[in-house]
Amino acid sequence: MSYEFILTEAQYQPHVALIRLNRPKELNALNLQLMQEIKHALLEFDQNEDVRCIIITGNERAFAAGADIKQMESRTAIDMLVIDQFETWDQIRKTKKPVIAAVSGFCLGGGCELAMTCDMIVASETAKFGQPEIKLAIMPGAGGTQRLTRAVGKALAMEMVLTGKFISADEAMEAGLINRVVPEELYLEEAVKLAKEIAQQSPVAVRLAKESVLKAFDTGLQEGLYFERKNFYMCFASEDQKEGMNAFVEKRNAVFKGR
Ligand code: CAA
């Protein structure tokens with residue numbers, strides 16, 4: 001499939017795929033087509049057995065400055081209901097392989113929500129995170145009030161959502177929103193390093209482990225522990241588990257096949 005607003009590379013690095021948002025003049029504002037394209041690319045990479053980890057990035061100036069305001073400006077509530085744009089986001093969240101957001105510059109509104117929908121965030125020290133929707137007399141609609149609050153806690157989330165203030169990469173790091181902050185010239189490299197580390201692990205175990213961590217957001221503790229246990233047992237059905245433990249005993253590096 002060819003895309004208009006994103007660039008993709010299935011083998012950007014061995015086992016690591018890349019999606020680059022590519023509307024630079026509009027600071028990668030997320031219009032409906034761009035979000036559809038991300039959804040398709042993620043699905044394609046999820047089904048590609050050579051891909052073990054996916055990176056979503058923008059450019060130095062912007063990861064994404066939010067949903068496309070010009071596209072939304074004249075919409076009514078019923079337009080929004082009928083278009084149901086967040087259905088696309090639900091699909092994005094269902095990606096089975098780990099997705100890392102490599103963020104530089106503006107990461108705002110839907111952009112911040114997209115980054116938070118990913119599993120991990122690696123940021124350049126120039127990154128700015130925010131949910132400025134309140135300044136448009138709307139509010140976050142793609143998970144901002146929920147994921148931000150879970151990540152940084154009520155006090156900071158409330159302040160960001162109600163005032164629209166931006167936080168720096170260092171503040172985001174301190175608040176627990178992101179995984180790493182590195183100099184601007186290294187943010188993509190650092191995300192690749194993290195992706196490669198994950199790509200070395202068993203894809204079966206990675207998938208089950210990701211699913212289990214995400215379950216913690218959706219359930220109470222008992223149900224979550226039960227879910228985790230089933231996935232833990234399931235790992236023992238894989239050839240990779242035998243290989244992993246055998247390699248440990250034989251003091252050699254394991255080679256995982258995702259079977
Ligand atoms: N939608 C549409 N176009 C956008 C945009 C957006 N979210 N953000 C930036 N642009 C466009 C600007 O209109 C401008 O286009 P023109 O050159 O045609 O005028 C271009 O990108 C460059 O932007 P600026 O000239 O504004 O650049 P700046 O450096 O002066 O400011 C900024 C950068 C602070 C990010 C500013 O662009 C801004 O505030 N953008 C909007 C951020 C925002 O409110 N995001 C939330 C959107 S709503 C949302 O996301 C809802 C949701 O939950 C899903």
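Trainee: Why does T117 count as buried?

Mentor: T117 has a relative accessibility of 13%, and buried means under 20% relative accessible area (exposed is over 50%, partly exposed in between; 1.4 Å probe, protein chains only). T117 therefore counts as buried. Keep in mind that this is a predicted model: local features need pLDDT of at least 70, side-chain atom pairs count only at pLDDT 80 or more, and totals for chains, interfaces and linings use all residues.

Trainee: Which residues is T117 in contact with, leaving aside its neighbours within four places in sequence?

Mentor: They are W89, I92, R93 and R147. Contact here means heavy atoms within 4.5 Å.

Trainee: What makes the link between the side chains of T117 and R147 a polar contact?

Mentor: A polar contact is a pair of N or O atoms within 3.5 Å; within protein, one must be able to donate a hydrogen and the other to accept it, and residues adjacent in sequence count only if both atoms are side-chain atoms. The side chains of T117 and R147 are joined at 3.3 Å, a value that falls within 3.5 Å.

Trainee: T117 sits in helix α5. How do you know that α5 is mostly covered?

Mentor: Eight of the eight residues of α5 are buried, among them G110, E113 and T117. As for the names, helices (H or I, at least four residues) and strands (E, at least two) are DSSP runs, numbered from the N terminus.

Trainee: What makes strand β5 largely enclosed by the rest of the structure?

Mentor: Five of the five residues of β5 (residues 99–103) are buried, so the rest of the structure largely encloses this strand. V99, A101 and V103 point one way, I100 and A102 the other way, and all are buried.

Trainee: How do you know that β5 pairs with β3 and β7?

Mentor: Two strands pair if DSSP finds at least two bridges between them. Four bridges join β3 (residues 53–57) to β5, and four join β5 to β7 (residues 120–124). Both pairings are parallel. I54 stands opposite V99, and V122 in β7 is the bridge partner of A102.

Trainee: Why does E190 count as buried?

Mentor: E190, in helix α9 (residues 187–199), has a relative accessibility of 13% and therefore counts as buried. Leaving aside neighbours within four places in sequence, E190 is in contact with V122, R180 and V182.

Trainee: Which residues come nearest to the ligand?

Mentor: Of the 22 residues around the ligand, these are R61, A67, G110, E113 and E133. A residue is near a molecule or strand if one of its heavy atoms lies within 4 Å of it.

Trainee: Which backbone atoms lie by oxygen or nitrogen atoms of the ligand?

Mentor: One is a backbone N or O atom of A67, 2.9 Å from an oxygen atom of the ligand. A polar backbone atom of A65 is 3.0 Å from a nitrogen atom of the ligand.

Trainee: Which element gives the most residues to the shell around the ligand?

Mentor: That is α2, with three residues.

Terms used: Residues numbered from 1 in each chain as written. Heavy atoms only, no water.
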